[in-house]
Amino acid sequence: LCAYGVAWVLLKIRHSTWRLAAGAAIVVVLIIEYASAPVLTLAPAPSKADSWLAKQPPVVIIQLPMTRDWLYMYQGISHRQQMLNGYSGYVPASYPATRESMRSFPDDRSLTYLRSRNVDYVILRGQFYPPAEWSAFLAQLGTRADLSLVAQFPDGDAVYAVRK
């Protein structure tokens with residue numbers, strides 16, 4: 001439609017110099033319109049926890065907090081483990097139930113849910129928790145007999161095994 005409009009405008013201009021100037025002006029406006037400089041950033045590298053998971057036999061994991069699922073999916077390419085909170089483009093029907101069950105983690109209800117879904121490891125991404133909450137959260141996890149710390153990494157990530 002734009003091309004039809006440009007052709008119509010250029011046909012209405014009788015003088016060839018003005019027609020050439022109008023054509024050049026339209027090209028300049030289009031260049032300005034289509035000029036974009038997207039901000040390119042480096043893709044996030046797999047974390048130490050992701051590298052550790054890549055060396056493990058096949059397991060089922062969940063990663064918390066459940067606010068960065070897109071990042072977990074991307075970084076999960078390196079380890080290819082099954083993720084309970086992974087999705088891409090289509091949210092499975094089970095996802096809202098998973099979010100709801102994990103809101104109160106690490107209570108009995110959330111751990112019963114994880115066991116019902118055969119989750120082996122809970123990956124906690126410490127850098128996404130406020131520092132004061134993180135230390136209290138780790139202390140709370142330490143009181144659970146059905147969770148055991150398997151690995152902790154310098155970037156703040158921690159891996160807990162869910163005892164069946």
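## Close-up views of a predicted model

View 1. P65 is found in the loop between β1 and α4 (69-75). Here helices (H or I, at least four residues) and strands (E, at least two) are DSSP runs, numbered from the N terminus. The model is predicted, so local features need pLDDT of at least 70 and side-chain atom pairs count only at pLDDT 80 or more, while totals for chains, interfaces and linings use all residues. Residues are numbered from 1 along each chain as its sequence is written, and side-chain values use heavy atoms, with hydrogens and water left out. The peptide bond from L64 to P65 is cis, with omega near 0 degrees. A cis bond also leads from F105 to P106, with omega near 15 degrees. P106 belongs to the loop between α5 (94-102) and α6 (108-116).

View 2. Most residues other than glycine have a negative phi, and most peptide bonds are trans. R80 is not a glycine, and its phi is positive, near 60 degrees. It lies in the loop between α4 and β2 (82-83). Is R80 buried or exposed? R80 is exposed, with a relative accessible area of 68%. The cut-offs are under 20% relative accessible area for buried and over 50% for exposed, with partly exposed in between (1.4 Å probe, protein chains only). N118 also has a positive phi, near 60 degrees.

**View 3. Strand β1 is buried on both faces.** Five of the five residues of β1 are buried, so the strand is largely enclosed by the rest of the structure. In a regular strand the side chains alternate between the two faces of the sheet. On one side of β1 are V60, I62 and L64. On the other are I61 and Q63.

**View 4. Q63 and its contacts.** Q63 lies in strand β1 (residues 60-64). Its relative accessibility is 0%, so Q63 counts as buried. Which residue's side chain makes a polar contact with the side chain of Q63? It is R125, at 2.4 Å. A polar contact is a pair of N or O atoms within 3.5 Å; within protein, one must be able to donate a hydrogen and the other to accept it, and residues adjacent in sequence count only if both atoms are side-chain atoms. Leaving out residues up to four places away in sequence, Q63 touches Y72, H79, M83, N85, I123 and R125. Contact means heavy atoms within 4.5 Å.

**View 5. The five-stranded sheet.** The strands form an open sheet in the order β2-β1-β3-β5-β4, with mixed pairing. β2 and β4 stand at the edges, each with a single partner strand, so one side of each is left without a neighbour in the sheet. Two strands pair if DSSP finds at least two bridges between them. β1 pairs with β2 in the parallel sense over two bridges. There, V60 has Q82 of β2 as its bridge partner. β1 also pairs with β3 in the parallel sense, over four bridges. I61 is bridged to Y121 of β3. β3 and β5 pair in the antiparallel sense over five bridges. L124 has A158 of β5 as its bridge partner. Helix α7 (residues 131-142) packs on the sheet, touching β3, β4 and β5. Its direction makes about 160 degrees with that of β3. Axes are lines fitted to C-alpha atoms, for helices over the stretch in contact, and angles run from 0 to 180 degrees between N-to-C directions.

View 6. Which residues of α6 are buried? S110, L111, Y113 and L114 are. They cover an arc of only 155 degrees around the axis, which puts them on the same side of α6. The arc is that of the directions from the helix axis to the C-beta atoms. D108 and S116 are exposed on the other side of α6. The cover over the buried residues includes β1, α5, β3, β4 (147-152) and β5 (157-162).

**View 7. Where α5 meets α6.** α5 and α6 pack at an angle of about 140 degrees, with their axes 8 Å apart. From α5, the contact uses S94, A97, T98, E100, S101 and M102. From α6, it uses R109, S110, Y113 and L114. These contact residues divide into four nonpolar, four polar and two charged. Ala, Val, Leu, Ile, Met, Phe, Trp, Tyr, Cys and Pro count as nonpolar, Asp, Glu, Lys and Arg as charged, and the others, Gly among them, as polar.
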